[in-house]
Amino acid sequence: MNQDADVDVTVVGAGPVGLVLAAELALSGATVQILERRTEPDEAMKAGAINVPTAEALDRRGLLPAAEQVQRELLERVGSFARMAGGQPPDGGRRARPSRFTGHFAGMVLDADLVDESDPDLAAHTAVAGARMVPQRELEELLAGHVARLGVPVRRGVEVTALEDTGDGVLVGTDAGTVRTGWLVGCDGGHSSVRRLAGIGFPGTDPELTGHLALADIADPEKLTDGWAWTPRGAYRYGPQPGRVVTVEFGGAPADRSAPVTLEEVQGALRRISGTDVTLTALRGAATRWTDNARQAATYWSGRVLLAGDAAHVHPPFGGQGLNLGVGDAMNLGWKLGAVVAGWAPEGLLDTYDAERRPLGAWVLDWTRAQIGVLRGDAKSAALREVVADLLNTREGTTYAVKKVSGVDQRIDLPGDHPLVGRYVPDLWLADGSRLADHGHGGGFVLLDRTPDGAFARRAGAWAGRLNTVSDDHAKPTGVLVRPDGVVAWASDASNTTGTTGTVSVTGLEAALRQWAGAPSPEHRPMS
């Protein structure tokens, strides 16, 4: 780090992405601060749930119980709303099965009864099922507490106005004075000041619709169709709790997206789309306005400046993909930048951040663009919607879509032949009743060794300061190396580490450690 810098890393943006990134950096030993232009947390309605990789990221840091509590409280509120409205909660009065959370594609709700829960990808990731229905607002509160416990300062009411990359750090101009930092990471949203000031391009496709998400008091809700409804003018959704409305209206982007969303604006959109004279009497909290603007940064890393979350990619908010994509960025970048700051990894490790996250970002953009094509109100799109609905009404189609929405089939292209390599580590229960995820709370690498002679643990001994080794009774896989972001870097099924296969496995472990965990400590040499 530049010795004149105030901190190793400055994160701009105190949303979920910035909070996760700051926490990961703090766990790695870096000094970090967060700058946020808002004086208070954003109260606008946003994503209503998280996917499996995001829930598992919380799990690996010991935050799963808190997330499960958020879901329990949410289900209780939904049940109360339904009873107040004279109906029944979604589970008929019993506690809903959290594992049945599925999502939707272009408003077509994925039928939980059609999901093949024996699918290997789905069956391997069920431990966090009770923490999927975590709205963004509650997630931010949970993460803010996590960051506070780690001692990371959040400076609110500070807006970034200029930056200068000096080669060994960044001078950041703000309306509260100049900040000197070793690295600067923009997690400051789609209109990122950091991206703009760094001169990073943001190519993509222009918007053709305006959407709203609001919670409102409605005088005559019986005029609206429950769930999603499509019309020639767009689509809207009413529910699941009373007063929650989503509108999708084609006709271009709003004249001023930064203007506050008014009651009249939401009511007008809902009336035009539904063809009714439904009356909204009040907005409960801040409503959200959005478009289908879809763009991806030309690079996620330029000099001493990096981007994550919406600063690196924007798209329509269907399925809450943006929140989850951003958290994945933060988990991937956090430990890598922390390693560079600590000095045990070269700056070139950051190349893998862009290389690993860019393909997934591009896929999410296309996944949301495809839904726009199905949502349009013209006859051709309506016909396409019927075809897609037929496909989604099959066991194979629903299972495919649920795997995509949930994120369980995400994979990074990493060297190695084992089927776990490049995947998020599955639920691995150990003989003592714990799960492998329980051993990752400190933020480092985790090595599972199930060999009878502890051969994998011995070979990894030189990386002890960066690695938590967990021994277990013999089972397959016999060895798994998990990166701090939950991605499997190496795995083996070898039962005998003295034979040819076992020797290859031990050698493969050392290669993976050198690639991802840096050179071994000088005072140690890998032991065979």
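**View 1. The largest nonpolar core of this predicted model holds 91 residues.** A nonpolar core is a set of buried Ala, Val, Leu, Ile, Met, Phe, Trp, Tyr and Cys residues joined through side-chain atoms within 4.5 Å. Buried means under 20% relative accessible area, exposed over 50%, partly exposed in between (1.4 Å probe, protein chains only). Leu306 and Leu337 have the most contacts inside this core. Leucine 337 is in contact (heavy atoms within 4.5 Å) with Val9, Leu25, Trp183, Val185, Leu306 and Leu350, leaving aside neighbours within four places in sequence. In soluble globular proteins, nonpolar side chains tend to be buried together.

The model is predicted: local features need pLDDT of at least 70, side-chain atom pairs count only at pLDDT 80 or more, and totals for chains, interfaces and linings use all residues. Residues are numbered from 1 along each chain as its sequence is written, and side-chain values use heavy atoms, with hydrogens and water left out.

**View 2. Strand 1 (residues 7-12) pairs with strand 8 and with strand 2.** Helices (H or I, at least four residues) and strands (E, at least two) are DSSP runs, numbered from the N terminus. Two strands pair if DSSP finds at least two bridges between them. Strand 1 is largely enclosed by the rest of the structure, because 6 of its 6 residues are buried. It runs parallel to strand 8 (residues 177-186), with 5 bridges. Valine 11 has valine 185 of strand 8 as its bridge partner. Strand 2 (residues 32-36) is also parallel to strand 1, joined by 4 bridges. Here threonine 10 stands opposite glutamine 33. The chain passes from strand 1 through helix 1 (residues 16-27) to strand 2 in a right-handed β-α-β crossover. Right-handed means that, with the strands pointing away from the viewer, the path from the first strand over the helix to the second runs clockwise.

**View 3. Glutamate 36 sits in strand 2.** Its relative accessibility is 8%, so it counts as buried. A polar atom of its side chain lies 2.9 Å from the backbone nitrogen of arginine 38. Beyond four places in sequence, glutamate 36 touches Gly13, Ala14, Gly15, Arg155, Arg156, Gly157 and Val158.

**View 4. Helix 2 (residues 52-60) is mostly covered.** 9 of its 9 residues are buried, including Glu56, Asp59 and Arg60. Asparagine 51 caps the N-terminal end, with a side-chain oxygen 3.0 Å from the backbone nitrogen of threonine 54. Glycine 62 follows the helix, with a positive phi near 80°.

View 5. Strand 9 and strand 16 (residues 294-296) share 2 bridges. Threonine 205 has alanine 294 as its bridge partner. Axes are lines fitted to C-alpha atoms, for helices over the stretch in contact, and angles run from 0 to 180 degrees between N-to-C directions.

**View 6. An open sheet of 4 strands has the order 21-20-22-23 and mixed pairing.** Strand 21 (467-471) and strand 23 (488-492) are the edge strands. The twist averages 10° from one strand to the next. Strand 20 (residues 445-449) runs parallel to strand 21 and is joined to it by 5 bridges. Valine 446 has asparagine 468 of strand 21 as its bridge partner.

Terms used: Polar contact = N/O pair within 3.5 Å; in protein donor to acceptor, adjacent residues only side chain to side chain.
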